[in-house]
Amino acid sequence: MQLLLNQALVSLREPTDQPKGYLEVVDIFGVEGQNPSIPVTGLPGVSHLQISSWILQTELNSVRSQNPHIHFCTGAV
């Protein structure tokens, strides 16, 4: 996998132990490799996503548009 400078990849999955509509952050990769967290805008009251964080599926499009440097992946990479 190759990322452009200042790009990041956030892998998401639908957890089986939560109600429908939630996505869990399972991995965060940047140019230096795996990271435990990443700054993000567009989520009320949240400044960083961390591994094991949750995002509502309804918020994902807004977060994507406000964070063009982050690629959100909801499937296998």
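**Entry 1. A residue in a loop**

Between which two strands does the loop with Ser52 lie? I located Ser52 in the loop between strand 5 (48-50) and strand 6; strands are DSSP runs of E with at least two residues, helices are runs of H or I with at least four, and both are numbered from the N terminus. I noted that the model is predicted, that local features need pLDDT of at least 70 and side-chain atom pairs pLDDT 80 or more, and that totals for chains, interfaces and linings use all residues. Residues are numbered from 1 along each chain as its sequence is written, and side-chain values use heavy atoms, with hydrogens and water left out.

I then looked up the backbone of Ser52: its phi is positive, about 85 degrees, although Ser52 is not a glycine. Ser52 counts as partly exposed at 44% relative accessibility; buried means under 20% relative accessible area, exposed over 50%, and partly exposed in between, with a 1.4 Å probe and protein chains only.

**Entry 2. Strand 6 and the surface**

I found Trp54 in strand 6, and Leu56 lies in that strand too, at residues 54-56. Trp54 is partly exposed at 36%, and Leu56 is partly exposed at 31%.

Which residues does Leu56 touch, apart from those up to four places away in sequence? I recorded Gly21 and Tyr22; contact means heavy atoms within 4.5 Å. I also noted 8.9 Å between the C-alpha atoms of Leu56 and Glu24, which are 32 residues apart along the chain.

**Entry 3. The whole chain**

Of the 77 residues, 30% are buried. Among contacts with a separation of 6 or more, 47% join residues 24 or more positions apart.

**Entry 4. The core**

Which residues have the most contacts inside the largest nonpolar core? I listed Val10, Leu12, Ile38, Leu49, Ile70 and Phe72, in a core of 15 residues. A nonpolar core is a set of buried Ala, Val, Leu, Ile, Met, Phe, Trp, Tyr and Cys residues joined through side-chain atoms within 4.5 Å. Strand 1 (8-13), strand 2 (22-30), helix 1 (57-66) and strand 7 (70-73) each supply at least two residues of this core. In soluble globular proteins, nonpolar side chains tend to be buried together.

I finally looked up Ile70: leaving aside neighbours within four places in sequence, Ile70 is in contact with Ala8, Val10, Ile38, Pro39 and Val40.
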